[in-house]
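Here's a quick briefing to read with the model open beside you. Grab a viewer and follow along.

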Amino acid sequence: MPTLDQLDARIRGALNAGPRVAYALAYGSRTQTLRGPNTDDRRLADEFSDLEYYAYTDETLDVRAFLEALTPLLLYVVNDFGTPNAVTPELCRIELHVAPPSSLDEVLSWPNAHADINAMSIKDTDGHLRRVLGEWAAGPAWTPGAAQLSYDRLLNWLVFADAVSRRGERLRAAELLVWVRGGLLHLAALHLAALNLGTPLFRAPTRLAERYLEPWAGRISQVQALPADLPGALTLARELAGHLQIGARAHLLTTLQNR
């Protein structure tokens with residue numbers, strides 16, 4: 001069985017050797033490093049990380065055949081967003097986007113956080129990939145939205161989730177609570193970062209929450225069902241609004257609690 005590093009090297013080699021591919025890059029946790037006072041320049045990848053790539057070509061690329069030439073597959077499917085995904089016998093998930101070379105500059109619109117452009121670059125036929133990655137990495141780092149906006153959005157989701165739960169749509173409410181917990185985690189990250197604890201900020205607020213956002217992560221994870229967990233969600237919202245010195249929307253919280 002190949003290790004994740006070996007399979008990554010195998011795929012990178014095939015993308016680099018493919019004459020039809022003009023540019024190729026990797027992205028995701030295997031190309032990211034956390035840098036900060038409490039992160040020890042920690043690479044974000046581990047043995048459970050996905051392998052994620054872009055292949056830029058003007059010709060048709062049969063992604064399934066390409067991957068099956070490199071590793072057996074237990075599953076191959078085009079996901080809900082139109083991207084080919086595969087699962088290997090080691091349960092490694094591979095995501096391989098295929099795009100025309102003319103779309104390479106779209107990388108400049110990607111959020112820039114924790115990236116290592118040397119780890120990202122796989123194939124660059126004329127230096128354009130390197131220029132694009134360099135310009136992207138030199139741009140402003142991704143920063144989260146304002147705390148008040150994040151807070152108001154989570155309250156909006158909470159009102160929605162509470163309403164559908166009272167209608168009897170418990171599964172729908174559980175789905176909506178994902179956004180509520182995410183909003184609370186985002187606010188917790190902002191609070192801890194403001195305390196200069198070296199807390200990293202991620203676009204996906206659940207990412208490494210158990211490592212960096214305790215004890216908030218443990219408390220937020222208990223918001224699982226409505227209406228039973230509504231008091232806990234409201235308490236967390238009030239506390240975080242106080243820590244961040246933003247408007248708590250007290251009248252809304254009270255009205256929701258009294259419904």
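Predicted model: local features only at pLDDT ≥ 70, side-chain atom pairs only at ≥ 80, totals over all residues.

Residues are numbered from 1 along each chain as its sequence is written, and side-chain values use heavy atoms, with hydrogens and water left out. Helices (H or I, at least four residues) and strands (E, at least two) are DSSP runs, numbered from the N terminus.

**Nonpolar cores**

- A nonpolar core here is a set of buried Ala, Val, Leu, Ile, Met, Phe, Trp, Tyr and Cys residues joined through side-chain atoms within 4.5 Å; buried means under 20% relative accessible area, exposed over 50%, and partly exposed in between (1.4 Å probe, protein chains only).
- The largest such core has 36 residues, and Y151, L158, L184 and L187 have the most contacts inside it.
- At least two residues of this core come from each of α5 (147-167), α6 (170-194), α8 (216-220), α9 (230-244) and α10 (250-258).
- α6 gives the largest share, 11 residues.
- Another core lies apart from this one, with 22 residues, including L7, I11, L15 and C92.
- Zooming in on L184, you'll find it in contact (heavy atoms within 4.5 Å) with L154, I220, L236, A237 and L240, leaving aside neighbours within four places in sequence.

**How α9 meets α10**

- The axes of α9 and α10 come within 10 Å and cross at roughly 170°; axes are lines fitted to C-alpha atoms, for helices over the stretch in contact, and angles run from 0 to 180 degrees between N-to-C directions.
- The two helices, α9 and α10, are therefore roughly antiparallel to each other, a label used for angles over 145 degrees.
- On the α9 side, the contact is made by L230, L234 and R238; on the α10 side, by L253, T254, L256 and Q257.
- Those contact residues split into 4 nonpolar, 2 polar and 1 charged (Ala, Val, Leu, Ile, Met, Phe, Trp, Tyr, Cys and Pro count as nonpolar, Asp, Glu, Lys and Arg as charged, and the others, Gly among them, as polar).

- Strands β5 (residues 75-78) and β6 (residues 84-87) pair in the antiparallel sense over 4 bridges; pairing takes at least two DSSP bridges between two strands.
- Y76 has A86 in β6 as its bridge partner.
- There are 5 residues between the two strands of this hairpin, and G82 in the turn has a positive phi of about 85°.

- The peptide bond from E214 to P215 is cis, with omega near 5°, and P215 sits in the loop between α7 (209-212) and α8.
- A cis bond also runs from L226 to P227, with omega near 5°; P227 is in the loop between α8 and α9.
- L208 isn't a glycine, yet has a positive phi of about 55°; L208 is in the loop between α6 and α7 and is partly exposed at 23% relative accessible area.
- R249, in the loop between α9 and α10, has a positive phi near 55° and is partly exposed, at 38%.

**A buried loop residue**

- L61 is in the loop between β4 (51-56) and α2 (63-68), and is buried, with a relative accessible area of 14%.
- Not counting residues up to four places away in sequence, L61 touches R20, A55, F66 and V98.

Note on methods:
Parallel < 35°, antiparallel > 145°, perpendicular 65-115°, else oblique.
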